[in-house]
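Visitor: Could you take me in for a close look at one part of this protein? I'd like to hear about the packing of the aromatic rings, and then about whatever surrounds it.

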Amino acid sequence: MANIKLGICPIGWTNDDMPDLGKENTFQQCVSEMALAGFTGCEMGGKFPKDVEELKKALSLRGLSVASAWFSSFLTTKPYEETAEAFKAHRDFLNAMGAKVIVVSEQGNSVQGQLNTPVFAGKPYNTDEQWEKVANGLNKLGELAAEKGMKVVYHHHMGTGVQTEAEIDKLMEMTDPNLVYLLYDSGHLVCSGEDHIRILKKYINRIKHVHLKDVRKELVEKVKNENLSFLDGVRMGMFTVPGDGCIDFKPIFDILKENNYEGWTMVEAEQDPAIANPLEYAMKARKYIHEVSGL
C-alpha cells in the first residue's frame with residue numbers, strides 16, 4: 001500500500017488542448033486545491049512555471065511533487081532526431097524535478113486534437129512501416145530515459161494508432177520490455193470499448209504509471225453515434241473523475257495491490273471546469289478512492 005502514490009493532473013483545472021476551458025484558473029489555485037483535496041503529486045500543466053527552482057518551491061510549500069509530464073512523439077511523421085532532441089530537454093527537466101517516468105504518446109498521425117475529425121470513425125491505423133518507426137523510436141527514447149535512471153511509459157490514447165487492446169499488444173510485443181513500459185489509462189480503454197481489467201492483468205509487470213479516469217458511457221455512445229471529435233467529447237463531459245462514472249475502481253486497486261505495484265496513480269479527468277468545479281471533483285475523487293482502496 002505504501003508503494004502506491006496518489007496524485008492528480010491539472011487538466012481538470014485548465015485544458016492545454018482547449019485553453020478556453022479553465023482559462024480563469026491560475027497555477028496557484030490549481031496546486032493549492034490539489035493539496036487541499038489530499039493529493040501529493042501532479043503532472044505538469046501549461047501554466048506551471050518552467051523554472052525548476054520556482055516550481056519546486058511552489059510545490060514543496062503544498063506538499064506536492066511532479067510525477068511526470070506528457071511528451072508528444074512524432075516518430076511516424078518527422079525525423080527521429082527532432083523527437084529525440086525535444087525528448088532530451090523534456091527528460092532533463094523532469095529529472096531535475098525528481099520524476100521517475102516520462103509519459104510518451106505518438107502524435108504523428110493522431111486525430112485527438114482535431115476538432116472536426118470523428119474520434120471513432122476517423123481513428124488512424126499504423127502501416128507496417130509506421131509500426132517499425134514507432135517501436136524503434138520508442139526503444140531509443142527508452143535508452144535516453146535510462147541514461148537518467150528514468151522510464152518511458154507509453155500512453156495508449158483515443159484517436160491514435162495505439163488505442164485498442166490489439167494495438168497495445170502489438171506495441172508491447174515490438175518494443176524492448178526493459179526500455180518501453182506502459183501507462184494504464186482506465187478511461188481511454190473503456191471509452192475505446194476494451195476489456196480494461198484484462199489489459200491491466202496482462203501487462204501489470206510493465207505498467208509503471210496509472211491514469212485513473214472515469215467515463216460517462218451515455219456520452220461516449222453519443223460521440224460515437226454522432227461522429228463527434230475527441231475534443232467534442234471532452235467538452236460534453238465524456239470523462240469524469242473516479243466515482244462519478246461507470247467504472248468500478250475497486251478491482252483496479254485490488255490488482256495493483258496484489259501485484260505490489262510501485263508508482264503513481266493519477267486522477268485525470270479532462271472536462272469543462274465551469275461545469276465540473278475542479279476542487280469539488282478532486283475532493284469527490286479523493287473520497288471515493290479512499291473508500292474503494294483504503295489509500
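Guide: Let's begin with Phe239, which is buried, because its relative accessibility is 0% and the cut-off for buried is under 20%. Keep in mind that this is a predicted model. Phe230 has 3% relative accessibility, so Phe230 counts as buried too.

Now for the ring pairs. With ring centres required to lie within 6.5 Å, the count comes to four aromatic pairs. One of them is Phe71 with Phe87: the ring centres are 5.3 Å apart and the planes meet at 80°, so this pair is edge-to-face. Phe71 belongs to strand β4 (residues 70–73) and Phe87 to helix α3 (residues 80–96), so the contact ties together parts that are 16 residues apart in sequence. Both Phe71 and Phe87 are buried. Back to where we came in: Phe230 and Phe239 form an aromatic pair as well, a tilted one, with 5.9 Å from centre to centre and 55° between the planes.

Lys78 lies over the face of Phe74, 4.4 Å from the ring centre. Likewise, the charged end of Lys284 sits over the ring of Tyr281, at 4.5 Å from its centre.

Next, the sheet that β4 belongs to. Nine strands make up an open sheet with parallel pairing, in the order β3-β2-β1-β11-β8-β7-β6-β5-β4. Both β3 (65–68) and β4 stand at the edges with a single partner strand each, so one side of each has no neighbour in the sheet. On average, neighbouring strands here are turned by 35° against each other, direction ignored.

For β4, the partner is strand β5 (residues 101–106), and the two pair in the parallel sense over four bridges.

Strand β1 (residues 4–8) runs parallel to β11 and is joined to it by five bridges, with Gly7 opposite Met266 in β11. Strand β8 (residues 207–212) also runs parallel to β11, joined by three bridges, and there Leu212 stands opposite Val267. As you trace these strands, remember that side chains in a regular strand alternate between the two faces of the sheet.

Note on methods. Residues are numbered from 1 along each chain as its sequence is written. This is a predicted model: local features need pLDDT of at least 70, side-chain atom pairs count only at pLDDT 80 or more; totals for chains, interfaces and linings use all residues. Side-chain values use heavy atoms; hydrogens and water are left out. Rings of Phe, Tyr and Trp (its six-membered ring) pair if their centres lie within 6.5 Å; planes under 30 degrees apart count as stacked, over 60 as edge-to-face and the rest as tilted. Buried means under 20% relative accessible area, exposed over 50%, partly exposed in between (1.4 Å probe, protein chains only). A charge sits over a ring if NZ of Lys or CZ of Arg is within 6 Å of the ring centre and within 35 degrees of the ring normal. Two strands pair if DSSP finds at least two bridges between them. Axes are lines fitted to C-alpha atoms, for helices over the stretch in contact, and angles run from 0 to 180 degrees between N-to-C directions.
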